[in-house]
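Please consult the sequence and the structure shown below.

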Amino acid sequence: MQGHSTYVPKSSAAKWFEARLPIIGLMHSSFVSYPTPKNLNYFWTFGGILMVMLMSQIITGIMLAMHYTPHVDHAFASVEHIMRDVNFGWLIRYLHMNGAHMFFFAVYLHIFRGMFYGSYKAPREVLWILGVVIFLLMMATAFMGYVLPWGQMSLWGAVVITNLFSAIPLVGQTIVEFLWGGYAVDNPTLNRFFSLHYLLPFMIFGVVILHVWALHVVGQNNPTGVEVKNLSKDTVPFTPYATVKDAFAMVCFFIFFLFFVFYQPNQLGHADNYIMADSLKTPAHIVPEWYFLPFYAILRSVPDKLGGVMAMGGAVVILAFLPWLDTSKIRSGSFRPAFKIFFFVFVVVTVLLGWVGSQDTGAPVLKFGENTVLTMVGFGQILTIYYFAHFLIILPMLGLFERPLALPASIADSVLGGGHGMPIGAAASPEIKG
Amino acid sequence: MSSMTVEGTRRDFLYLSTGVVGAIGGASMVWPFVAQLGPDAETRAAGAPVEVDLSQIPEGQSITLKWRGQPIFVRHRTEQELKTADADDSKSMPDPMPDAGRSAKFNGKVQSKWIIVQGSCTHLGCIPVKNSGDYNGWYCPCHGSHYDNAGRIRKGPAPKNLVLPEYAFLSESSIRITGTRSAA
């Protein structure tokens, strides 16, 4: 879908520049004349929202770094200094802190969107895998950022996560000492995490450029999953159509984001992180941030340490194999009656895993009289098995047995109701179709 | 023909040997960049051997000592605790070890009343809480591992017993800790 640039430099200066570095033409073909399927719904606005969130995190982060001190004796106090003394420091920090939550909230919707509409299927496999890489980098960045305020959760989160690497046979302990720069999580660890936390967002930015590049080579998927056949009938130019729609969605998203920033700035965090790190006292409940909870639950479900670490890592990495695990030729979940049900079950399972991750392992889930029939660990194990079964059993089998609905002949047909198989009313407002 | 072959072999040899020298040089430049991540001289110096005076710890009490950035528990066990630990030797455990193996010797005699362990849970490194859990030893609040009074893992996700540091008795009432061990 490249090469649709209709950009014609007008002034002689612009012509001179374009002949030497055609970047204005590149921007024009990527964000102005770029053809977008005309049936995109609001779930397609999260890519743009994520781009803005990344910029927001980088800008607020650079400002915070100007006032923060990465030393175990000063880090906690310097964060309080930002909150109390630095002009608008409270605002910048709350934007950065809640921005991380919003970033993950948007990325999960973005991932689920891709999973429902089959956006990972050929020819978009590389685009999807780049997305998984971004997700992994985001997780590493968020984890290291959480360590920087040097509160109790910062320290103990770092202890638990870095110790995961000690599960690696033979070299595990050496790797952990090299991660720490010592014999425990301490000042060298804080220093290097600060360095990496500053670096990784720029690496994310690099992979995002590849992600957008890959997107613009293969073109956007759409709610019907039917490829663009006729550019003039099936698509509209990015500007003004997608630009305005993305902007509207972004305003709505920012209202949600800023509600937290201004009214509930600490609602999504953990109170224990306002206690300075104490390496001799573990908090009663170490709970990661909500966006890591499903993976944390998977870690705790496996009774073996190395097994738990591998299951947790596998839960993320398995996403990269999705293009080959899903055997169905039909992209969009809208035309896959059985898949649709299993997809929503999967969404519920991941949310439940998140809930299990936030609870005490021994807490009862199901009681029969006085006897606990199911504990939190047991429940987590059932959910973990289902999580992997969705990818390894359900998706490969569904493609073989499912009878999909008839696809519309084209995107234009699905929008205008001329196709076979899609009721007119449903197609007219695809954004509420789920 | 033969002179050309000789010429070619010579050239190949030069390419190859230049490549090998270059690769070794490049690889040896990588080492400093990796090594800087390891414990630095200051950290290593702060982790020098330490002596602990046990006479200050009454029976039934324990102290926590911070060494090399992590806690070390020194527990003075009561007669009752010793009996319980001994009796439990026959029970099944994830990481079986007789109680007699949990303390160091002095003059050939196991100093059973002293339990010296590294105070980080072998699961994911949280600090277990003393005198709690199902076995009244240590309990790790993070993921629910129960250790008995000898620091042996009895229940929960931790794979190993609390690790014994490298230490030796200097007298009946003093020890010298010289190193930490890894759980694996």
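In chain B, where is confidence lowest and where is it highest? Confidence in chain B is lowest in helix α1 (residues 2–35) of chain B, with a mean of 84, and highest in β6(B), at 95.

## Basis and confidence

This is a predicted model, in which local features need pLDDT of at least 70 and side-chain atom pairs count only at pLDDT 80 or more, while totals for chains, interfaces and linings use all residues. Residues are numbered from 1 along each chain as its sequence is written, and chains are lettered from A and ligands numbered from 1 in the order in which they are written. Helices (H or I, at least four residues) and strands (E, at least two) are DSSP runs, numbered from the N terminus.

The model scores ipTM 0.70 and pTM 0.86. The pLDDT (the predictor's confidence in each residue, from 0 to 100) averages 92 in chain A, where 95% of the residues score at least 70. Residues 421–428 of chain A have a pLDDT below 50; beyond near neighbours in sequence, this stretch has 13 contacts in the model. Two residues are in contact if their C-beta atoms, placed from the backbone, lie within 7 Å. Where pLDDT is low, the predicted coordinates should not be read in detail. Chain B averages a pLDDT of 89, and 96% of the residues score at least 70.

## Helix packing in chain A

Helix α3 (residues 46–65) of chain A and helix α5 (residues 89–116) of chain A have axes that come within 9 Å and cross at roughly 155 degrees. Axes are lines fitted to C-alpha atoms, for helices over the stretch in contact, and angles run from 0 to 180 degrees between N-to-C directions. α3(A) and α5(A) are therefore roughly antiparallel to each other; angles under 35 degrees count as roughly parallel, over 145 as roughly antiparallel, 65 to 115 as roughly perpendicular and the rest as oblique. The residues of their contact comprise 14 nonpolar, eight polar and two charged. Here Ala, Val, Leu, Ile, Met, Phe, Trp, Tyr, Cys and Pro count as nonpolar, Asp, Glu, Lys and Arg as charged, and the others, Gly among them, as polar.

The axes of helix α6 (residues 125–147) of chain A and helix α7 (residues 152–163) of chain A come within 7 Å and cross at roughly 135 degrees, so α6(A) and α7(A) are oblique to each other. F143(A), Y146(A) and V147(A) of α6(A) meet S154(A), G157(A), A158(A) and I161(A) of α7(A) in this contact. Its residues divide into five nonpolar, two polar and no charged.

## Contact between the chains

Chain A contributes 28 residues to the contact and chain B 26 residues. On the side of chain A that touches chain B, the elements giving two or more residues are α7 and α8 (172–180) of chain A. That side has twelve nonpolar, eleven polar and five charged residues.

## Sheets of chain B

An open sheet of three strands has the order β2-β3-β6 (chain B), with antiparallel pairing; two strands pair if DSSP finds at least two bridges between them. β2 (62–67) and β6 (114–118) of chain B stand at the edges, each with a single partner strand, so one side of each has no neighbour in the sheet. β2(B) pairs with strand β3 (residues 70–76) of chain B over six bridges, and S62(B) stands opposite R75(B) in β3(B).

Four strands form another open sheet, β7-β8-β9-β10 (chain B), also antiparallel.
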